[in-house]
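Hello,

Here is the structure you were going to look at. My notes follow below it.

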Amino acid sequence: MPPTRIKLADSVYLNVIETDKFKTNFISAEFFIPLRAETAAKAALLPSVLLRGTKKYPDMASLNRQFDYLYGSYIWPRNYKLGETQVIGFSSYVLADKYALEPTPIMSELLGVMEEIVFSPVTEGGVFRADYVEGEKRNLIDRIKAQINNKNYYAVKRCRDEMCRGEAYAVSELGEIEDVQAVTPESLYEFYKWIISGTRVELYFVGSFDIGKLTEQLRDIFGRCANISAPELKTEVIRRAEKVKEVIEDQPVKQGKLSLGFRTDCTLADRDYHVFAMFRELYGGSPTSKLFVNVREKLSLCYYCSAMGEAHKGIMIVSSGIDVANKQKAQDEILRQLELTRAGEITEAELAAARNSLKNSYRELYDNADSIKSWYTSRMLVGRDDSPEDAAAAIETVTAEDIANMAKRVTLDTIYFLNGTLKPDEGSDEE
Amino acid sequence: MIESRVNVKENPAIGEKYYYVKHKSGLDIYVIPKKLSTYYAMFGTKYGSVHNKFRIKGEAEYTEVPDGIAHFLEHKMFENEDGEDTFAKFARTGASANAYTSFLCTMYLFSCTDKFYESLEILLDYVTKPYFTEQSVQKEQGIIAQEIRMGEDNPGRALFFGLMRAMYKNHNARIDIAGTVESIAKIDHHLLYKCYNTFYNLGNMALCVSGDVTPEEVIAVADKVLKPQATHEVECIEPAEDPEVNRPNFTCRMQVAKPLFAIGVKDVEISSNPYERMKKNAAMTVLENMLFGGASEFYNKLYEEGLITKSFGAWHDHNHSMSMFCVQGESDRPEEVYSRFLKYIDKQKRDGLSKDDFERCRRVMFSNFIKGFDSTSEIVNNFLGNFVFEGADMLDYAEVIRELDFEYTDKIFRSVFQDSHYALATVYPLEEAEKV
């Protein structure tokens, strides 16, 4: 069942999914803006700066003490991109009132803290405290730099960035280091005022509560975000790759990482997106997919080889970790499996496996409040509200031919290879 | 004919219950009913990477095996005599299957939203039917070699095992769970069968399931698949450890943006009584948050000074085989963090821990425990790995938390945190010359 959608004010919506199966309630508040280089760094900074302190809880220690008091109901910051939309905000899992050791209205008190965080930050001369802003800038810069620590992630990100260079999608949701450095308490405060008064706001509640009361409390808190100037949210889609770009980057590591970036010619906004979901699952989505069975199990080339999609941007990245010497062999096999899919070489067992696996992953979503929120948020951006159960029903009728036709629409755009330059026995000198 | 026995245990205060089944095959089965969409099942053996020298009770000789063999065996269980791999079997029911190997156990698991009992049958069947050949062992060596290389490029893993090697002189936690490319080259199908027959005895295993299930239906599946088995006892050589750390430092250089550090606190006071271990676990959990949590003086002071980042955190491990506490994060000055850590612990010992902090953190621990019941995967993982395999009972833990007192926690704090128990592991960035 899609959430009940309640308009609290212009551009401010509350989405409610009532269920009594959890011992916790989930609440989140998210603000939507176009993903742009000018604002990404500020957007990335804002939730962290707001979590540094409020008028009532002026520093992190007092805020965290309050979360502890409310049974460890931490409010954590969100910052991610969906296509070319950046989403920032806060979420929390809140222990249901009835489990409190002594009677405490945990949920309403927690909403009070969220109100403090969003609307009553500590200020100094009418803007954010300079030391808080500087501290969070330093942290954000560290995080940007630390992306190199995780090679699996890094190789996928680099492929995506090379592929979408010049497009808004290539803008990192963390911003660039220079842009972070340029942020001042004044400019961030200016941005903050826009966020709370000029953007689309989506609230989610999953759990069991007096919904009338909750709606009123949330209207009191977030009603002040009402506006009729929230920016339009859209994503430019390049449907086909023109020619293949190839990028090789050397790094002092042992394993090579191969990432192949594709344009899929299909996005969540399209009516046949469920066919793409089936194609991706069958090609590289599970341990029975063509990539896992052939590149890993048959050729023993890797430990992992899988295909990830980005539903709004219409791209897909195949990634794998391999011996540097096997780069061409792995690449050929990955592309050969795509050719076979295009040629319709799909068995009944493969088709059933992809369908069963997808249906299972859709239905498992119902047990995770944050995943349910993500599901509907993603759909809301393209004007859909089909449920995971609807999606499970939609794939019932997808045929091998449909999948082959979908595979023909997918075009290779970018080959990225992280070339490990360390010999296997070389390495970190231990002391 | 011997029948299976069923007992039910309930904790009304938190609204949870489970059924314990002593199955006639010899297997212990735990069934935790939950009205959620996702079913979760885990079939595990008390066999992990540390068990590398063993014998079946009564055997004359101990067998010593290559590092990484428990993990290798886990991979090989996915191959079957009928030629169909385990993932393909689960694909028919739509279950999502996986497995993992830790220091102390190997776990085979699946989650699903439909056809649970069919999937359960597959799980019980493939884990009780080994099939290893020379060829298939060779094939796996290539795959696991890439898994090992991936681990070698992972700075977090280097930090963790660096810390283990600094803290422990003899304990097998020094050894990487997957072994090395060289050690796994020594594995063959004969050795795999030897390990399998020793450790995959139903008396050394347990099954735990959660979801919208009944014990009767679970027993029916077990009856169908599991043959009664003569259970045996396994003896492993687990070398003793001194209370002092092996050496106080470990450092290495890798491609990281900022140095990673981990301060390990070694503890060798491990009770043989599971209930006592549960109590100490609770005390160590509450200490994590009291000493180093988001509201702690240490975290806030160092964060404000820019000495640590949000990646900072504390964790601990306390089980029948090992006990340790760890504080880790990223810092431009790991040595300074370490020296501040020493001063901070001294000050806490001098001034005494705060009773208010204790109460606040105990409340958080209680709440986290309750929240863990919102997911069948969390329930089963916790239930089997942290309680059943430790001889303890998860539903007793709510009472352990309720009864945990300040004086006991303070006593544990003073006994665990001692100067000769500390080791500092650090992964520094590469020197300029080492970069490409």
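Helix H3 of chain B covers residues 116-127, and its 12 residues should span 16 Å at 1.5 Å a residue. The end C-alpha atoms of H3(B) are 17 Å apart, which agrees with that expectation. Bear in mind that this is a predicted model. The buried residues of H3(B) are Phe116(B), Ser119(B), Leu120(B), Ile122(B), Leu123(B), Leu124(B), Tyr126(B) and Val127(B).

On the nonpolar cores: the largest one has 135 residues. Those with the most contacts inside it are Phe222(A), Phe292(B), Phe341(B) and Phe417(B). A second, separate core has 58 residues, including Val65(B), Ala70(B), Phe116(B) and Val127(B). In soluble globular proteins, nonpolar side chains tend to be buried together. Beyond its neighbours within four places in sequence, Phe222(A) is in contact with Val12(A), Ala29(A), Phe31(A), Met114(A), Val118(A), Phe119(A), Val201(A) and Leu203(A).

Next, a lysine in chain B. Lys266(B) sits in strand S12, residues 260-267, and its relative accessible area is 0%, so it counts as buried. What does its side chain meet through polar atoms? The side chain of Glu241(B) makes a polar contact of 2.6 Å with that of Lys266(B), and the backbone oxygen of Met167(B) is 3.0 Å from a polar atom of the Lys266(B) side chain. With neighbours within four places in sequence left aside, the residues in contact with Lys266(B) also include Tyr168(B), Asp242(B), Ser323(B), Val416(B) and His421(B).

In chain A, helix H1 (residues 37-50) packs against helix H7 (residues 185-198) at an angle of about 85°, with the axes 10 Å apart. That makes H1(A) roughly perpendicular to H7(A). From H1(A), the residues that meet H7(A) include Leu45(A), Leu46(A) and Val49(A); on the H7(A) side, Leu188(A), Phe191(A) and Ile195(A) are among them.

Two serines in chain A may be worth a look for their backbone angles. Phi of Ser11(A) is near 70°, a positive value in a residue other than glycine. Ser11(A) lies in the loop between strands S1 (4-9) and S2 (12-18), and it counts as buried because its relative accessibility is 15%, where the cut-off is under 20%. Phi of Ser300(A) is near 50°, again positive in a residue other than glycine. Ser300(A) is in the loop between helix H10 (290-298) and strand S11 (302-310), and it is buried at a relative accessible area of 17%.

Regards

Definitions and conventions: Residues are numbered from 1 along each chain as its sequence is written. Chains are lettered from A and ligands numbered from 1 in the order in which they are written. This is a predicted model: local features need pLDDT of at least 70, side-chain atom pairs count only at pLDDT 80 or more; totals for chains, interfaces and linings use all residues. Side-chain values use heavy atoms; hydrogens and water are left out. Helices (H or I, at least four residues) and strands (E, at least two) are DSSP runs, numbered from the N terminus. Buried means under 20% relative accessible area, exposed over 50%, partly exposed in between (1.4 Å probe, protein chains only). A polar contact is a pair of N or O atoms within 3.5 Å; within protein, one must be able to donate a hydrogen and the other to accept it, and residues adjacent in sequence count only if both atoms are side-chain atoms. Contact means heavy atoms within 4.5 Å. The expected span of a helix is 1.5 Å times one less than its number of residues. A nonpolar core is a set of buried Ala, Val, Leu, Ile, Met, Phe, Trp, Tyr and Cys residues joined through side-chain atoms within 4.5 Å. Axes are lines fitted to C-alpha atoms, for helices over the stretch in contact, and angles run from 0 to 180 degrees between N-to-C directions. Angles under 35 degrees count as roughly parallel, over 145 as roughly antiparallel, 65 to 115 as roughly perpendicular and the rest as oblique.
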